[in-house]
Amino acid sequence: MPTSPPLTGQVALVTGGTRGIGRAVAAFLLDAGLRVVLTGTNRELAEATAAQLREETPTDARAHGVSCDVTDDASVAGLADFVRHRCGRLDVLVNNAGIGIYRPTPELPLEDFRRVVETNLIGVFRVTKALLPLLLDAAATADNDTPSGATIVNIGSLAGRHPFRGGAAYNASKFGLVGLTEAMMLDLRDAGVRVTTVMPGSVATGFAGRSADDGTEWKLSPEDVAEAVLGVVLQRSQALASRIELRPSRPPGKRPADWRLPKQT
């Protein structure tokens, strides 16, 4: 994990932070000196993950695990109350919580379509709306010569630009997330809140029931995505990377094994 300038005194919230990309993002932000609140739908797992991260981080890390269902108004309101009263501020919001259900359109139940969109798209809007007052407060006191200030990073996917078979629900949610994020960016940048979407390709996690070990030799790692998120946070507050697309550098099946660049003459 890279050594980063400390951001002591700043607070980050990472939804879906108990595993995969969310856990890696929480770890990187802790290592950079932020206080981190991470969420999961299971309270015991969220608290256990926070405890593990406190043990793993060499700095005087402060991590909190909180139960939150991003599809439930009352649950998100409770999360906002926790951040407000326990931390007193919020500088970085990473909307990472998401699910994947992949079925061909004729076999995709309406309830599954609704569940994916409710989590991956509406959940991002719900959490952002609830935490936005704290982010606006942070933006009002930001210094252009220092990192962060007030930053929202939405974890999207290249599936937000490239549809695939069986992806009707997931593609719809991620295409929508791209539009939501870019509109939010335009709405909030004059107030000093930067909004970015990070769109990774294939990542070696256990997402959607897949094995975390499948394709680890070529897929992105959760840490690759976390490093991109940290890079956004560490930019001076006057800089804005509105979209980051992150791909595996050498995916299989894209060229013959004996492919070579032509020699220069």
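Colleague: How are helix 1 and helix 6 oriented to each other: roughly parallel or oblique?
Modeller: In this predicted model, the axes of helix 1 (residues 20–31) and helix 6 (residues 222–234) come within 8 Å and cross at roughly 45 degrees. Helices here are DSSP runs of H or I with at least four residues, strands are runs of E with at least two, and both are numbered from the N terminus; axes are lines fitted to C-alpha atoms, for helices over the stretch in contact, and angles run from 0 to 180 degrees between N-to-C directions. Angles under 35 degrees count as roughly parallel, over 145 as roughly antiparallel, 65 to 115 as roughly perpendicular and the rest as oblique. Helix 1 and helix 6 are therefore oblique.

Colleague: Which pLDDT do local features need?
Modeller: Residues are numbered from 1 along each chain as its sequence is written, and side-chain values use heavy atoms, with hydrogens and water left out. Because the model is predicted, side-chain atom pairs count only at pLDDT 80 or more, totals for chains, interfaces and linings use all residues, and local features need pLDDT of at least 70.

Colleague: Into which classes do the residues of the contact of helix 1 with helix 6 divide?
Modeller: From helix 1, the contact takes G20, I21, A24, V25, F28 and L29; from helix 6, it takes P222, E223, V225, A226, E227, V229, L230 and V233, where contact means heavy atoms within 4.5 Å. Ala, Val, Leu, Ile, Met, Phe, Trp, Tyr, Cys and Pro count as nonpolar, Asp, Glu, Lys and Arg as charged, and the others, Gly among them, as polar. The contact of helix 1 with helix 6 divides into eleven nonpolar, one polar and two charged residues.

Colleague: Is E227 buried or partly exposed?
Modeller: E227 lies in helix 6, and its C-alpha is 9.4 Å from that of L29, 198 residues away in sequence. Buried means under 20% relative accessible area, exposed over 50%, and partly exposed in between, with a 1.4 Å probe and protein chains only. With a relative accessible area of 44%, E227 is therefore partly exposed.

Colleague: In which hand does helix 1 pass helix 2?
Modeller: Helix 1 and helix 2 (residues 43–56) pack with axes 10 Å apart at an angle of about 40 degrees, which means that helix 1 is oblique to helix 2. A crossing is left-handed if the near helix is turned anticlockwise from the far one by less than a right angle, and right-handed if clockwise. The crossing of helix 1 with helix 2 is right-handed.

Colleague: How do the residues of the contact of helix 1 with helix 2 divide by class?
Modeller: R23, A26, A27 and L30 of helix 1 make the contact with T49, Q52, L53 and E56 of helix 2. By class, the residues of this contact are four nonpolar, two polar and two charged.

Colleague: Are helix 4 and helix 5 roughly parallel or oblique to each other?
Modeller: The axes of helix 4 (residues 110–140) and helix 5 (residues 168–188) lie 7 Å apart, at an angle of about 20 degrees. Helix 4 passes helix 5 in a right-handed crossing. The two helices are therefore roughly parallel.

Colleague: How many nonpolar residues belong to the contact of helix 4 with helix 5?
Modeller: Helix 4 contributes residues including F113, V117, L121 and F125, and helix 5 contributes residues including Y170, L177, L180 and M184. Four residues of the contact are polar and one is charged, while the number of nonpolar residues is 15.

Colleague: Which residues does T181 touch, not counting residues up to four places away in sequence?
Modeller: T181 is placed in helix 5 and counts as buried because its relative accessibility is 1%. Beyond residues up to four places away in sequence, T181 touches N154, V195, T196 and T197.

Colleague: What is the relative accessible area of T197?
Modeller: T197 lies in strand 6 and touches N154, G156, T181, S242, R243 and I244, not counting residues up to four places away in sequence. T197 and A241 are 44 residues apart in sequence and 8.5 Å apart in space, C-alpha to C-alpha. T197 is buried, and its relative accessible area is 0%.

Colleague: How many strands does the chain have?
Modeller: Along the sequence, the chain follows the pattern β-α-β-α-β-α-β-α-β-α-β-α-β. Its helices number six, and its strands number seven.
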